[in-house]
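Okay, thanks for coming, everyone.

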Amino acid sequence: MVDRELVPQNDDRATARDNELTRMLEMIRHRGDADHFGERGSGAGFSMGTNRLAIVDRTHAAQPLSDEAGQVWLVFSGELYGFRDIRQELEQLGHTFRTDSDTEVVLRSYLEWGIPFLRKLNGMFAFVICDSRDGSFLAVRDHVGIKPLYYQLQDGVYRFASEQKCLLNHPALIRPVPPGTYVQNGEEVRYFELDEPQVSTTSSAASRRYRELFEAAVRKQVDTDLPLAVPFSGGIDSAAVLQAARRYHHDVTAFTVGFEGAADVEVARRYCEDFGVKQHIVYLKPSDLIDIIPRIVHGAELFEVVDIIDACTQFLVYQAVRRRGIKVAICGDGADEVLAGYDLFKTHADPVGLMKYRVGNLHRTDLQRVDRSSMLNSVEARVPFLDRHLLEFAYSLPMDLKIRDGVEKWVLREAMRDRLPAYIVDRPKIRMPDGSGIKNVVIDHARQHVDVDDRVARGLGITSTEGAYFLDIFLKAGFPPPTERFKRPVDDYAPNGYFEFIS
């Protein structure tokens, strides 16, 4: 929370600011460990705090973190990959570190290079810096919006939060910080852009390079001494992550969720048995799904049908992960959007344009769902397919390396052909709610609620009973009526329904 009037720390306004910060942190207690709730700091014109999920330098990396003079303060959410290389560069420039955390690398990078340091970062993060040397602030979100960051301005006070629910007590408009963007003193500036697809390469060279970058991304993201979970559906995306994670980490468990006999459960179990993978299977019953719907809508801050169904699925996976005492996961989300993994790409008039839209929209659909469904269980979920370097390469590939002879994600399949069995590599795309058996349970329950006031839904072009039902829960949770949909016909689903698939 940044007060642009920069009133002294000990006046009534500062006290009220600190009290409000405590309330905001209570709303998102789930985003950190119980014994790291409400780490806070204040200065002239600002109050900042975090519920820290301690992963890197768990003992010493308390936040907010400041420089030695107490003039520049940072609060940081997420993970910075490859941060030790930047740290070494800073040490050669004379910086001395007090912790072993990636948070301190961000702080000292800002002190050394200013805003241009953002070009060095690869990770998933959202952070705010308050600089009392000139009364400025800087709020930054990662390249594709993996970690969330929202803000609002009212009466000269900027409020920042990881979730919208922290800001609902104020009537001011809640804005997301867009992906690859920083906000400095109220101005939004884009610092990261994906280039137009243009790489010219051979098929074999593309698949080799894709595998190199993918395995490098996984290797960086499993760099932890904590045990690791992989949500595993039996599809190629999660299987690729699972096999690579096991190459570079010593303690990996696969987690699979679904109804007994569901396609995903059977394939995932077969793979884990064939290759000696530790696996935990969560078998569901309908009430498991129906009972959590209101919690998912409020917690995930989503209202689109497909997002709610996916969030229910993933919430139950991450719930099982946390109950097993694991708080770091690495998942397969993001590959479909950049590698034309959905059947919609095969029939779309402009598949490159569709890729641009889908990747650009991830921060308020799939990535929001991954973040909320994991953090509601105090689990950090990492997404190697959206590693900055891998994403830049994959985004630049021509479409004929992504869809070939009717096969989606062709370059990934070829990259994994000698890493995974054929029944995984050549398995057709099946969305997790379908493969797990979850979809129809949630849809059938939602369609029973025919008495919902659907006026707001119809104004957004939502005509289904289930769509109106989920939106009604969203509005009753206190969120402002959305002015637009986060999913749109043709580009997100077939015009006649969410779940029409060719494969």
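Let's start with Arg87, which touches Phe97, Thr99, Asp100 and Val105, leaving out residues up to four places away in sequence; contact here means heavy atoms within 4.5 Å. You'll find Arg87 in helix α2, residues 83-92. Helices (H or I, at least four residues) and strands (E, at least two) are DSSP runs, numbered from the N terminus. Arg87 counts as buried because its relative accessibility is 15%, and the scale is under 20% relative accessible area for buried, over 50% for exposed, and partly exposed in between, with a 1.4 Å probe and protein chains only.

A quick word on what we're looking at. This is a predicted model, where local features need pLDDT of at least 70 and side-chain atom pairs count only at pLDDT 80 or more, while totals for chains, interfaces and linings use all residues. Residues are numbered from 1 along each chain as its sequence is written, and side-chain values use heavy atoms, with hydrogens and water left out.

So how confident is the predictor? pLDDT is its confidence in each residue, from 0 to 100; the protein averages 91, and 94% of the residues score at least 70. Over residues 499-503, though, pLDDT is below 50, and that stretch has 15 contacts in the model beyond near neighbours in sequence.

Next, Thr50, in strand β3, residues 46-50. Thr50 is buried, as its relative accessible area is 11%. Setting aside neighbours within four places in sequence, its contacts include Leu25, His36, Phe37 and Val75.

Now Asp492, in the segment after α20 (465-476). Buried or exposed? Asp492 counts as buried, because its relative accessibility is 12%. Which side chain does the Asp492 side chain make a polar contact with? That would be Tyr357, at 2.4 Å. A polar contact is a pair of N or O atoms within 3.5 Å; within protein, one must be able to donate a hydrogen and the other to accept it, and residues adjacent in sequence count only if both atoms are side-chain atoms. A polar atom of the Asp492 side chain also lies 2.8 Å from the backbone nitrogen of Arg488. Beyond neighbours within four places in sequence, Asp492 is in contact with residues including Leu344, Arg358, Asn361 and Phe486.

Definitions and conventions: pLDDT is the predictor's confidence in each residue, from 0 to 100.
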